[in-house]
Amino acid sequence: MKKVIVACGSGVATSQTVASKVGRLLSERNIDAKVEAVDIKSLKIFINDVDAYISITPGGTEDFNIPKFDGIKFLTGMGQEEELEKLIKALEK
């Protein structure tokens with residue numbers, strides 16, 4: 001099973017919303033992945049055992065050597081399909 005984390009400032013409302021949505025979208029496409037929400041301050045603790053990272057906070061230029069995706073697109077729906085396709089391709093590798 002692949003693992004994806006979604007990070008925002010507090011790890012509560014926004015990241016939970018996006019994590020739930022991404023989990024549902026992946027499930028609808030038969031992608032076996034666990035999607036979890038974390039706060040940005042804890043990111044370094046969780047980042048080592050994930051396959052992809054979705055960031056909701058602006059900036060976040062640190063490179064963790066894993067695919068990173070724009071969580072705002074999942075939050076707003078604008079550009080969501082393109083970002084979802086990129087995520088799926090990364091998880092299928």
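Tutor: Gladly! A salt bridge here needs a side-chain nitrogen of Lys or Arg within 4 Å of a carboxyl oxygen of Asp or Glu. Keep in mind that this model is predicted.

Student: What makes Glu28 and Arg24 a salt bridge?
Tutor: Their N to O distance is 3.2 Å, and the cut-off is 4 Å, so the pair qualifies. Both residues lie in helix H1, four residues apart, about one turn of the helix.

Student: Why is Glu28 called partly exposed?
Tutor: Its relative accessible area is 49%. Exposed requires over 50% and buried under 20%, so Glu28 falls in between. Arg24, at 43%, is partly exposed too.

Student: What makes Glu83 and Lys73 a salt bridge?
Tutor: Their side chains meet at 3.7 Å, N to O, and the limit is 4 Å, so this pair also counts.

Student: How do you know whether Glu83 is buried or exposed?
Tutor: Glu83 has 4% relative accessibility. Buried means under 20%, so Glu83 is buried.

Student: Which residues of H4 are buried, and why are they on the same side?
Tutor: Gln80, Glu83, Leu84, Leu87, Ile88, Ala90 and Leu91 are buried. They cover an arc of only 160 degrees around the axis, which puts them on the same side of H4. On the other side, Glu82, Lys89 and Glu92 are exposed.

Conventions
Residues are numbered from 1 along each chain as its sequence is written. This is a predicted model: local features need pLDDT of at least 70, side-chain atom pairs count only at pLDDT 80 or more; totals for chains, interfaces and linings use all residues. Side-chain values use heavy atoms; hydrogens and water are left out. Buried means under 20% relative accessible area, exposed over 50%, partly exposed in between (1.4 Å probe, protein chains only). Helices (H or I, at least four residues) and strands (E, at least two) are DSSP runs, numbered from the N terminus. The arc is that of the directions from the helix axis to the C-beta atoms.
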